[in-house]
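Subject: Structure handover and notes

Hello,

Please find the sequence and the structure below. My notes on it follow.

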Amino acid sequence: MKSPPWPKGRKLVHLDLKGAPPRLEYIHKLIELFSTLGVDGLLVEYEDMFPYDGDLKLLQATAQPAYSREEVLSMQAFANSKGLEVIPLVQTFGHLEFVLKHRPMWSLREIAPCVSTLNPHRTEGVRLVMEMLRQVVELHPGLNALHIGADEVYMLGEGEESKLWLASPGHTVEQLFLSHVTKVAQAIKEAWPDMTIIMWDDMMRGMSHDTLKASGLVGLVQPMLWDYTPNLDVDTTVSLLEKYCRAGMSHLWAASSFKGSTSVHTCVPSTQRHVENHVQWLKVAAALSAAVHLQGIAITGWQRYDHLSVLCELMHVGLPSLAACLQTLSLGEFGAEAQSKVAERLGISSVEVEAMGRILLRVVSRTTEDESLFPGRRLAQLTVELNSLLNSEDIRFFENNMYVRGWFSPYHQQRKTVSPLIAMQIQSQASAYLTTLQEKVEALRGEMVLLYPESTAQEWIVEHVSPVLAPLQRIMEDITACVNEMVP
């Protein structure tokens, strides 16, 4: 059933730079596309790609250079020229893996094995996040809003100092969370009185109305409620937003997803899954009372689940999904009209990137028109094609085929007694698969390094390709060793 279009408020696209950070030229092309799709702003999660300096220089990425100060300013200037506001996202409590993994920061962890959560009792911890924020704000002239993260603060309350604090009557983990976030938010307001502060809501979902009202966060922060699932529970989500509103936090945000939320290792997104998430969010927006002032929606696109997880769906394969989600918000549904608009805008015949890959596999040249309509189109096609090959049963389960199991089993290999003719046929097939895969990999690498750092191409290949190539290469070597024992 059709819903009303998304109400007034900003539509932000999330740029997750902690995995596969796009080259500046590609970021400019993405911003150009976003502006034509109706995006109002960017939620930029820099992590280790921000050019921190001084004592924080160790936070910069080592797999590839962090963006330079000039590049950060260039991105903002280009976004502003297209009418897009830039809102930095800087984690200040949980998901600080990129900070707390460094040996000089180990003492600031809540517990030693958890590299994501800051110890809320150490004044050095607050000083650290405030210095991070200061450097980010300074490099964003005219900044109006800041997202301080604060989601998924794992193991909070498990540290020795926290246990001592919690032993006092009336102290709870909820209060421990709220005290740290309030401290950070107050420090931000002292430094930048007009700054709008946004934070993730998940750590507050189980809190009572009274706890939230007395938290000290009322009037300080705007919670952003995130739910990326296609079967988002509308009634529960509406109830949560209304609870925040009744507690005094009436300025609220939604957060959906256009990619990077299916599973931790997925590399090709399903447009339909993400469209369904936005259809549910439209139902939520339509059901809210007038007291809730929805500030907008952040359409997230994760490159990794966290700093230490593998790469998931990258930006270039997520653009059809993003365009489809934005059309869904604009029209209130994703019917034939929306599909037609997305297909025409991106120059594709299907909004599902996987289908686009199958249809356009024979297109090997990159035309200017294709790339201007859909920046990264050729790489998206190659990603889909290679992913399909890597997941084909013939290749992924090569060692389980009838001939390998029947004539080149572990027992045959142990005794080095095989049928040379059949073994050589197995080897020939493995060689053909290897050649095909290696050709596709080189084509993909060549395109990927145009849009992302070399380190991204290397990581993607090691993650997705190497586990499939290794058994094929091993079986070829083993067959050669066995055949040499039996053929003069």
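Between which strand and which helix does the loop with His95 lie? His95 is in the loop between strand 3 (85-89) and helix 3 (97-100).

First, the basis of these notes. This is a predicted model, in which local features need pLDDT of at least 70 and side-chain atom pairs count only at pLDDT 80 or more, while totals for chains, interfaces and linings use all residues. Residues are numbered from 1 along each chain as its sequence is written, and side-chain values use heavy atoms, with hydrogens and water left out. Helices (H or I, at least four residues) and strands (E, at least two) are DSSP runs, numbered from the N terminus.

Most residues other than glycine have a negative phi. His95 is not a glycine, yet its phi is positive, at about 50°. The relative accessible area of His95 is 7%, so this residue is buried; buried means under 20% relative accessible area, exposed over 50%, and partly exposed in between (1.4 Å probe, protein chains only).

Glu47 is another non-glycine residue with a positive phi, near 50°. Glu47 belongs to the loop between strand 2 (41-45) and helix 2. With a relative accessible area of 5%, Glu47 is buried.

Helix packing

Two packed helices are described by the angle between their axes and the distance between the axes. Here the axes are lines fitted to C-alpha atoms, for helices over the stretch in contact, and angles run from 0 to 180 degrees between N-to-C directions.

Helix 1 (residues 24-36) and helix 2 (residues 69-81) have axes that come within 10 Å and cross at roughly 15°. Helix 1 and helix 2 are therefore roughly parallel to each other. The cut-offs for these words are under 35 degrees for roughly parallel, over 145 for roughly antiparallel, 65 to 115 for roughly perpendicular, and oblique for the rest. On the helix 1 side the contact (heavy atoms within 4.5 Å) is made by Leu24, Ile27, His28, Ile31 and Glu32, which meet Glu71, Ser74, Met75, Phe78 and Ala79 in helix 2. By class, this contact of helix 1 with helix 2 has 6 nonpolar, 2 polar and 2 charged residues. Ala, Val, Leu, Ile, Met, Phe, Trp, Tyr, Cys and Pro count as nonpolar, Asp, Glu, Lys and Arg as charged, and the others, Gly among them, as polar.

Glu25 is also in helix 1. At 56% relative accessibility, Glu25 counts as exposed.

Helix 18 (residues 420-451) packs with helix 19 (residues 454-464) at an angle of about 150°, and their axes are 8 Å apart. Helix 18 and helix 19 are therefore roughly antiparallel, and their crossing is right-handed. From helix 18, Val441, Leu444, Arg445, Met448 and Val449 meet Glu454, Thr456, Ala457, Gln458, Trp460 and Ile461 of helix 19. The residues in this contact of helix 18 with helix 19 divide into 7 nonpolar, 2 polar and 2 charged.

Gln427 is found in helix 18 as well. Gln427 has a relative accessible area of 18% and is therefore buried. Leaving out residues up to four places away in sequence, Gln427 touches Met476, Ile479 and Thr480.

Salt bridges

A salt bridge is a side-chain nitrogen of Lys or Arg within 4 Å of a carboxyl oxygen of Asp or Glu. By this rule there are 16 salt bridges.

One of them joins the side chains of Lys18 and Asp16 (3.1 Å, N to O). Lys18 and Asp16 are both buried.

Arg134 has two partners in helix 4 (residues 123-138). Its salt bridge with Glu131 has an N to O distance of 2.7 Å. Arg134 and Glu131 are 3 residues apart in helix 4, so about one helical turn separates them. Arg134 is partly exposed at 33% relative accessible area, and Glu131 is partly exposed at 26%. In the salt bridge of Arg134 with Glu138, the closest N and O atoms are 3.1 Å apart. Arg134 and Glu138 are 4 residues apart in helix 4, again about one helical turn. Glu138 is partly exposed, with a relative accessible area of 47%. Salt bridges that share partners join Arg69, Glu131, Arg134 and Glu138 into one network.

Regards

Key: A crossing is left-handed if the near helix is turned anticlockwise from the far one by less than a right angle, and right-handed if clockwise.
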